[in-house]
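Please read it alongside the sequence and the coordinates.

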Amino acid sequence: MGETYRNHFATDAGSDTADCMRASPHWTGGTEKFGMTFFHVTQDGKRALLEHMRDSVDLPARFEITYHGHNWREIVAARSRSAAKYGAYLDADSGDTFGEFVRRIKSVRLLSRAQIGGAA
């Protein structure tokens, strides 16, 4: 709900989209420049997006992977522990086979469960 890098949208100044955005409580009235109208998201717009995401967007679980002989950890988004291992393998670019890579893994720990859109 805080400030983000990209909180604006640009459209043709005289377009139907610009008219709809001017009428919406989710956007500011718009600033015209270079034949475009630039809109910024409002707090109402941020709340509406957050509600939409809670109701509609599936978020995979997050797993923490640690490795033998290393003090660092890796966070991987995946649907299962085995998928987390494979995702880490694809990102590693180590030159190892998958079996070799998995033997270097010390632990795979669930950090956060998957959140399924529309679930109560």
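The numbered points below take up the basis of the model, the overall fold and two residues.

1. Basis. The model is predicted: local features require pLDDT of at least 70, side-chain atom pairs count only at pLDDT 80 or more, and totals for chains, interfaces and linings use all residues. Residues are numbered from 1 along each chain as its sequence is written, and side-chain values rest on heavy atoms, with hydrogens and water left out.

2. Secondary structure. The protein contains four helices and six strands, where helices (H or I, at least four residues) and strands (E, at least two) are DSSP runs numbered from the N terminus. Their order from the N terminus is β-α-β-β-α-β-β-α-α-β. The radius of gyration is 22 Å, well over the 14 Å that the globule rule gives for 120 residues, so the protein is more spread out than a compact globule. This radius is taken over C-alpha atoms, and the rule is 2.2 Å times the number of residues to the power 0.38.

3. Extent and contacts. The C-alpha trace spans about 60 × 35 × 25 Å along its principal axes. Of the contacts with a separation of 6 or more, 44% are between residues 24 or more positions apart; contact means heavy atoms within 4.5 Å.

4. Burial and surface. Buried residues amount to 22% of the 120 residues; buried means under 20% relative accessible area, exposed over 50%, and partly exposed in between (1.4 Å probe, protein chains only). The protein exposes about 8,500 Å², of which carbon and sulfur atoms supply 52%. Areas come from the Shrake-Rupley method with a 1.4 Å probe; for residues, only the protein chains shown count as cover.

5. Glutamate 64. This residue lies in strand 4 (residues 61-67) and counts as buried because its relative accessibility is 10%. A polar contact of 2.6 Å links the side chains of glutamate 64 and arginine 73; such a contact is a pair of N or O atoms within 3.5 Å, and within protein one must be able to donate a hydrogen and the other to accept it, while residues adjacent in sequence count only if both atoms are side-chain atoms. Beyond four places in sequence, glutamate 64 touches Arg73, Glu74, Ile75, Ser107, Val108, Arg109 and Leu111.

6. Glycine 30. The loop between helix 1 (16-23) and strand 2 (31-33) holds glycine 30, which is partly exposed at a relative accessible area of 31%. Apart from neighbours within four places in sequence, glycine 30 contacts Thr37, Phe38 and Phe39.
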